[in-house]
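Here is a short note to read beside the structure. Take the points in order, and keep the picture open as you go.

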Amino acid sequence: MSATADHAEERTNPAARLGFQPGQVVQEIGYDDDVDQELREAIEGVIESDLVDEDYDDVADAVVLWFRDDDGDLTDALVDAGTYIEEGGAILLLTPKTGRSGYVEPSDISEAATTAGLTASKSVSVGKDWSGSRLATPKAAKSKR
């Protein structure tokens with residue numbers, strides 16, 4: 001594939017834009033019937049395997065966390081999700097967009113990420129109903145400097 005085609009895919013495929021790579025183990029937390037199936041399939045296409053579920057008992061390269069306002073404490077969810085990933089890994093926090101049931105305020109995401117020791121490095125629309133925030137663990141945040 002040409003470099004131009006690679007860049008075109010990054011613009012059109014949200015999973016590629018979010019930094020997922022072939023061969024990564026990606027754990028999914030918070031799955032329910034309201035998740036964006038197209039995004040899930042795009043991530044699986046990029047990593048070239050299925051997402052692993054909450055019962056996965058090894059360390060993952062990244063975590064996809066679907067979170068709604070009524071799912072409990074976001075800080076606790078982020079801290080818990082961080083225990084499942086490699087040092088330097090990332091959490092993709094997916095929350096419903098403005099006006100959707102379960103919407104989470106950006107200020108709440110920022111505060112929870114900071115309290116959980118994570119750095120928000122990217123926020124992006126990932127579907128018609130979901131927004132994504134890429135949260136990096138401290139080692140990943142430092143290595144980007």
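Predicted model: local features only at pLDDT ≥ 70, side-chain atom pairs only at ≥ 80, totals over all residues.

1. Now try it on a pair. Helix α4 (residues 74-82) packs against helix α5 (residues 106-115) at an angle of about 45 degrees, and their axes are 8 Å apart. Angles from 65 to 115 degrees would count as roughly perpendicular and those under 35 degrees as roughly parallel, so α4 is oblique to α5. The crossing of α4 past α5 is right-handed.

2. Which residues meet where these helices pack? From α4 come L74, T75 and L78, and from α5 come D108, I109, A112, A113 and T115.

3. Next, have a look at helix α3 (residues 37-47), whose buried residues are L39, R40, A42, I43, E44, V46 and I47. Their cover includes α2 (14-17), β1 (26-29), β2 (60-66) and β3 (85-96).

4. Both ends of α3 deserve a glance. At its start, the backbone nitrogen of E38 has a side-chain oxygen of D36 within 3.0 Å. After the helix comes E48, with a positive phi near 65 degrees.

5. Finally, step back to the whole protein. How many helices and strands does it have? There are 6 helices and 5 strands, in the order α-α-β-α-β-α-β-α-β-β-α from the N terminus. Of the 145 residues, 42% are buried.

Note on methods. Residues numbered from 1 in each chain as written. Heavy atoms only, no water. Helix = DSSP H or I, 4+ residues; strand = E, 2+ residues; numbered from the N terminus. Buried < 20%, exposed > 50% of the residue type's maximum accessible area, 1.4 Å probe, protein only. Contact = heavy atoms within 4.5 Å. Polar contact = N/O pair within 3.5 Å; in protein donor to acceptor, adjacent residues only side chain to side chain. Axes fitted to C-alpha atoms, helices over the stretch in contact; angles between N-to-C directions. Parallel < 35°, antiparallel > 145°, perpendicular 65-115°, else oblique. Left-handed = near helix turned anticlockwise from the far one by under 90°.
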